[in-house]
Structure formats: C-alpha cells, structure tokens
Amino acid sequence: MKLKIGITCYPTVGGSGVVATELGKLLAERGHEIHFIASSIPFRLGKFYPNIFFHEVEVNQYSVFQYPPYDLALASKMAEVAKREKLDLLHVHYAVPHAVCAVLAKQMLDDNIKILTTLHGTDITVLGYDPSLSEMIKFGIEKSDAVTAVSHQLKEDTEQLLKTQKEIIPVHNFVDERVYYRRDNNSELKKTYGIQDDEKVIVHISNFRPVKRIQDVIKAFSLIRKEMPSKLLLIGNGPELTVACEQVRELNIEDDVLFLGKQENVGELFSICDLKLLLSEKESFGLVLLEAMACGVPVIGTRIGGIPEVIVDGETGYMVEVGDTAAVADKAISLLKNDERHRRFRENSVRHVRENFLSEKIVSVYEEIYNSLVKG
Ligand code: GMT
C-alpha cells in the first residue's frame, strides 16, 4: 500500500536527522509520498525527488511572546499539512517536542491520522532525568499509536525510567550501502591530508558534546602514536572542540591530529581510515560505528547503551569500559600491528553490517509498522 507520510526530525547534523532523512528518501524510492515538516530542509536530503516535499515551520516573533513558540508552530504546521495533503501518518523522531506536537496536531484535526514515534536516545537518557520534562516525554510516548527505539537498551532504559507500559518496538538504525562502502585507490586523498603510506589512520566523528568524551579519544591516540606512526582525524564540530584543540597542543601532537570540521562525504574519508573510536559515556546506538564498519573500518567503542548491539567484541572491533584509555590504546595497537587480524576485522565488519543493518531490511520493518497502523 502506498502511503502519504509526514516526517519530523531535527534537520541539522546528527544521527537522528540522518536516519529520518535516509528513511524518507528510501520510502520515496519505494513509491510512498513523503512530507518533511521541520524547521529547515534536512541536510542529507540532497538531490531532487519528485515525491518528497518539504514544509518549513516558521515561527513568528510577536513581541507578546517572551520566547518564540516553535512547538506550537510545528503542531500547527503538522495539522495544516496533514489535512491538505491527506497524510496517513506522522512519523516523528524524538518524543519531545515532536511526539507531543504530533499529538496536539492530531487533536486539532479530530482525525484518525496515526502517530509513530521513534526514540533516539537523548530524549530518554538525558531529558528523561529532568523531572520537569519526564511526564511530558511519557505523555508523548503513551499518546503515540506506536513507538520504536533504536536499540533494545534504549527500550529498556525508557521502560525503566518512565515506568511506562507502552509497547516499545526495538528497530535498529541502518546504513545505505550505496553511500557507505569502501573506496579503493584512496592514496590521493591520503596525500591531500599529508598522511604517509606507513601511517595508520584513526578517526572520530561526532558533534563534540561532552557525552562523547573527546578527551579520551585524544588521550588514547597519544598512547597509540607513541607505538606506531599514526594520524587522528577529528571530524565534526561542537562545544568541546576548543578544549580538544587545547589538549592536542598540551600533548604536543598537533602535527598528527587533523581537525577536519563538519564533512559531508564521510564514506570517502572512512575509506582512508584503519580504525574508528567512539568512547562516549551515553550512546543509544552509535550510527557512526555502523557507517565506519560498512566502509570496512573496525571500531573500538565503550560498553554502554546500544553500542554492544552494534560491535561484535573481538570480531568487528572491541569494547572497553568508559574512561579506560589504556585499554583502548592496547587493543588498538595490537589490532593495527597485526595485518592478518586487521584484514579479518575489516571483512567481518562489512559482513556484519550487510547481514544485520542493511537499509532494505530495516526500511521494510518500518513499512510493516506503518501498514499495521494504517490498517488497524
Ligand atoms: O549523538 C548525538 O548526540 C546526536 C543524537 C541525535 O539526535 O542525532 O544521536 C542519537 O541518535 C542517533 C541515531 O539514532 C544514535 O545513533 C546516537 O547514539 C544517539 N545519541 C545518543 O544517544 C547520545
């Protein structure tokens, strides 16, 4: 059944926006009509698709409002678009404010439109602890027609923290295999960055928020670098960037740490990398791990949140305890010094993604959920 689906997400850089946008694109390729309703055009939308539409939420700055009422403007836009375009359902990413806005839109419409809410993490693992928000998050979840979470762990955390009986369906994130694959002949790109052939390339990508523990990444790299010629690529931007630059200066490793800022074609960049580090203290899934593995880059991650559902310890990478930078360095050095094991980990990573996280499989799961909602 071809559906008309409204999708709301945070459109700026971030895993949830990436998943929502990629899902929308893939659903459009399957013939569904997709309406993004967001504050700006999702950054991954890229090219033109005849059956994808974008509806911008505009917030008027009336002086009577102390704060511009974005949430009300969003709810109102959702209702307007749903009515005009005869949407079958709203798929919202994040409980607050998006699920709550969808509930309000549904009430405004007095309609049978269905709401699917996908939980991505921060709404539960950070905001869920804020007593001024937790009841609102629970409300958004319980008033949705269906709720998914990007990992089993996030489902459990949500149930425990919010004490909700609402069924939460775990649906893992996915990668588009046409975008994330290993490019061969990447020595030119290495040269561009001044990376020598004998140097190992370690990468970290994030929004540089404190939960990502960038300092641990830099500390671990400084230990690895003592044992083998290597470079660290730091990709992304965010609040901890200045502290990271300072740490790199203090450790006197400026020549070997490359700050690349936000980058679009990470598939190409991953293709010059040998190892990816994600040493967060909170991570409901870790989409970047999947993207790296799809490009044949083994990963080391912390044993928290949804990361154990992505990394197969000892096969596609390793897991360490939060803050144990010595263990990160030990595991990285032993892997990078052993060509045969590294090659095996590379192959295992690509296979693991193909077998478990391919877009086709996960998009079909979402389609089934949509169909059951619309039919039910
Ligand atoms: O990691 C972030 O800080 C961004 C955040 C987001 O809103 O995009 O990522 C969350 O959603 C991603 C997609 O489902 C997950 O891969 C990330 O693990 C999750 N981040 C956290 O749980 C901290």
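**Ligand shell, domains and core**

Me: Which residues come nearest to the ligand?

Reply: Gly-14, Gly-15, Ser-16, Gly-121 and Ser-284 come nearest, out of 20 residues around the ligand. A residue counts as near if its C-beta atom, placed from the backbone, lies within 6 Å of the molecule. The model is predicted: local features need pLDDT of at least 70, side-chain atom pairs count only at pLDDT 80 or more, and totals for chains, interfaces and linings use all residues. Residue numbers start from 1 along each chain as its sequence is written.

Me: Which elements give two or more residues to the shell around the ligand?

Reply: They are α1 and α4 (122-125), and α1 gives the most, with 4 residues. These labels come from DSSP runs, numbered from the N terminus: helices are H or I with at least four residues, strands are E with at least two.

Me: What makes up the shell by class?

Reply: The shell has 5 nonpolar, 12 polar and 3 charged residues. Here Ala, Val, Leu, Ile, Met, Phe, Trp, Tyr, Cys and Pro count as nonpolar, Asp, Glu, Lys and Arg as charged, and the others, Gly among them, as polar. Gly-14, one of the nearest residues, is therefore counted as polar.

Me: Which domains supply the shell?

Reply: Domain 1 (4-174 + 358-375) and domain 2 (187-356) each supply at least three residues. The bounds come from an automatic or database domain assignment. The C-alpha centres of the two domains lie 30 Å apart. Their contact takes 16 residues from domain 1 and 11 residues from domain 2, where contact requires C-beta atoms, placed from the backbone, within 7 Å. On the side of domain 1 that touches domain 2, α1 and α6 (152-162) give two or more residues. By class, this side has 6 nonpolar, 10 polar and no charged residues.

Me: Why is Val-203 called buried?

Reply: A residue is buried if 20 or more other C-beta atoms lie within 10 Å of its own, exposed if 12 or fewer, and partly exposed in between, with C-beta atoms placed from the backbone. Val-203 has 26 such atoms within 10 Å, so it is buried. This residue belongs to strand β8. Leaving aside residues up to four places away in sequence, Val-203 touches Leu-233, Ile-235, Phe-270, Cys-273 and Lys-276.

Me: What makes a set of residues a nonpolar core?

Reply: The residues must be buried Ala, Val, Leu, Ile, Met, Phe, Trp, Tyr and Cys, joined through C-beta atoms within 7 Å. The largest such core here has 110 residues, and Met-78, Leu-90 and Leu-289 have the most contacts inside it. Helix α3 (residues 95-109) provides the largest share, 9 residues. Both domain 1 and domain 2 give residues to this core, so it lies between them. Among the residues that Met-78 touches are Gly-6, Ile-37, Leu-90 and Ala-105.

Definitions and conventions. Two residues are in contact if their C-beta atoms, placed from the backbone, lie within 7 Å.
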